Amino acid sequence: MSAAPTEVMMEKETLFYFAPLEGISWYVYRNMQAKHFKAADYYVTPFIAPNQKREIRNKDKQDVLPENNKGMRIIPQLIGNRADEFIDTARQLQAMGYREVNLNLGCPSNTVVAKGKGSGFLAKTVELEHFLDEIFNGLSMDISVKTRLGRYHEEEFYEILDLFNRFPIKRLMIHPRIQKEFYNGKPHMEQFAYAYENSANPLCYNGDIFTAEDHKKLAKDYPQLDAFMLGRGMLSNPALLEEIYGEGRADKKRIRAFHDELLAAYEEILFGDITVLHKMKELWHYMVCIFDRGEKYGKQIRKAKNLTEYKGIIKGLFAECQIVEGAGYRV
């Protein structure tokens, strides 16, 4: 494991988690990011939804198979509100060699929330307490939790944190927004500061770390915080960890090599050009932000109708655009 950035970390070990983003951060992307750039200490997978059949879907199974994640430390994420289904799926993952699962209490999707899952579960504290009691008593493995502050109002978090403090959570990963905010507006740092002072469990900060300066400020404001989760910032700049550690920054040659190998892998694994094109468009929604004139090329990428047209646009982007120092994704 790499040494922590010493300027703001005061020589303590710092962990960096890569946040799950549905449709993008699956094993193919993770492998390419870790191959071409500094890897995260841990990669949390896009969520697996336990079901009544007690079977992990083949797509999800492929994402967590150890042979598809060599050299990376993976934490499978589960979402749900039925303890029996959660426990059964977690045990299947344990049989594959995993010693930790992550509970998703943060997903803000309306379709997820309507089912009382993700951040929708936070509005049902009595049911959530019973759920947590069952899974912590029913599993012989670590459980970390990724959460938001609440569903409707950030003030909900004080009761929610009190609930979390009753359980031995391996790591409490807090995105300091509420469900209805999605990714809009500024994070509610007052509530995160409260957790920093009052959490009985180790914390990880998640949300709006888009540049090395963003991280530096958080590390200064919370000097005892030893874990950070990078999501949209690392998708926009896959070399973000290198910048945080002061090891330089990505250049166009490396970004191009990463892009081309990722595209080739998608063309080999995925069925049909349209599926591949959709995957690349999702990625460029974030990555175009680090290029000057990125907005111009972003529009062209979104309008591309086939891979041949797409590849021509990408050729022009890398020929004409430059990477902007300190640039990153912005809401």
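These legends accompany close-up views of one predicted model. Residues are numbered from 1 along each chain as its sequence is written, and side-chain values use heavy atoms, with hydrogens and water left out. Because the model is predicted, local features need pLDDT of at least 70 and side-chain atom pairs count only at pLDDT 80 or more, while totals for chains, interfaces and linings use all residues.

**View 1. The largest nonpolar core.**
A nonpolar core is a set of buried Ala, Val, Leu, Ile, Met, Phe, Trp, Tyr and Cys residues joined through side-chain atoms within 4.5 Å. Buried means under 20% relative accessible area, exposed means over 50%, and partly exposed lies in between (1.4 Å probe, protein chains only). The largest core has 109 residues, and the members that touch the most others are Tyr17, Leu132, Ile135, Trp284 and Tyr310. Helix α13 (residues 273-287) supplies the largest share of this core, 7 residues. Helices (H or I, at least four residues) and strands (E, at least two) are DSSP runs, numbered from the N terminus. When neighbours within four places in sequence are left aside, Leu132 is in contact (heavy atoms within 4.5 Å) with Leu103, Leu163, Phe164 and Phe167.

**View 2. The largest pocket.**
On a 1 Å grid over the protein atoms alone, a pocket is an open set of points with protein on both sides within 12 Å along at least five of seven lines, whereas a cavity is a set of points where a 1.4 Å probe fits but cannot get out; lining residues have an atom within 4 Å of a point. Grid points are joined across faces, edges and corners, and a volume is the space filled by probe spheres set on the points. The largest pocket holds about 620 Å³ of space. Its lining has 32 residues, and Pro20, Leu21, Glu22, Pro108 and Tyr183 lie nearest the centre. Two or more lining residues come from each of β9 (227-230), α10 (232-236) and α13. By class, 17 residues of this lining are nonpolar, 9 polar and 6 charged. Here Ala, Val, Leu, Ile, Met, Phe, Trp, Tyr, Cys and Pro count as nonpolar, Asp, Glu, Lys and Arg as charged, and the others, Gly among them, as polar.

**View 3. The loop between β1 and α2.**
Ser25 sits in the loop between β1 (15-18) and α2 (27-36). Ser25 is buried, at 1% relative accessible area. A polar atom of the Ser25 side chain lies 2.8 Å from the backbone nitrogen of Leu21. Apart from neighbours within four places in sequence, Ser25 is in contact with Phe18, Ala19, Pro20, Arg30 and Pro46. Gly23 belongs to the loop between β1 and α2 and is partly exposed, with a relative accessible area of 21%. Beyond neighbours within four places in sequence, Gly23 is in contact with Lys279 and Glu282. In helix α2, 7 of the 10 residues are buried, among them Tyr27, Arg30 and His36.

**View 4. The second largest pocket and Asp208.**
This pocket has a volume of about 300 Å³. It is lined by 13 residues, with Pro187, Met189, Tyr205, Asp208 and Leu218 nearest its centre. Helix α9 (residues 212-221) gives the most to the lining, with 4 residues. The lining comprises 5 nonpolar, 2 polar and 6 charged residues. Asp208 is in the loop between β8 (203-206) and α9 and is buried, with a relative accessible area of 19%. The phi of Asp208 is near 60°, a positive value in a residue other than glycine. Most residues other than glycine have a negative phi.

Arg293 lies in the loop between α13 and α14 (294-303). Although Arg293 is not a glycine, its phi is positive, at about 55°. Arg293 is partly exposed, at 44% relative accessibility.

**View 5. Ser109 and its polar contact.**
Ser109 is in the loop between β5 (100-105) and α5 (110-113) and is partly exposed, with a relative accessible area of 24%. A polar contact of 2.9 Å joins the side chains of Ser109 and Thr111. A polar contact is a pair of N or O atoms within 3.5 Å; within protein, one must be able to donate a hydrogen and the other to accept it, and residues adjacent in sequence count only if both atoms are side-chain atoms.

**View 6. The largest cavity.**
The whole structure has 1 cavity of 30 Å³ or more. The space in the largest cavity is about 50 Å³. Residues lining it include Asn237, Arg249, Ile290 and Gly326. The lining divides into 5 nonpolar, 2 polar and 3 charged residues.
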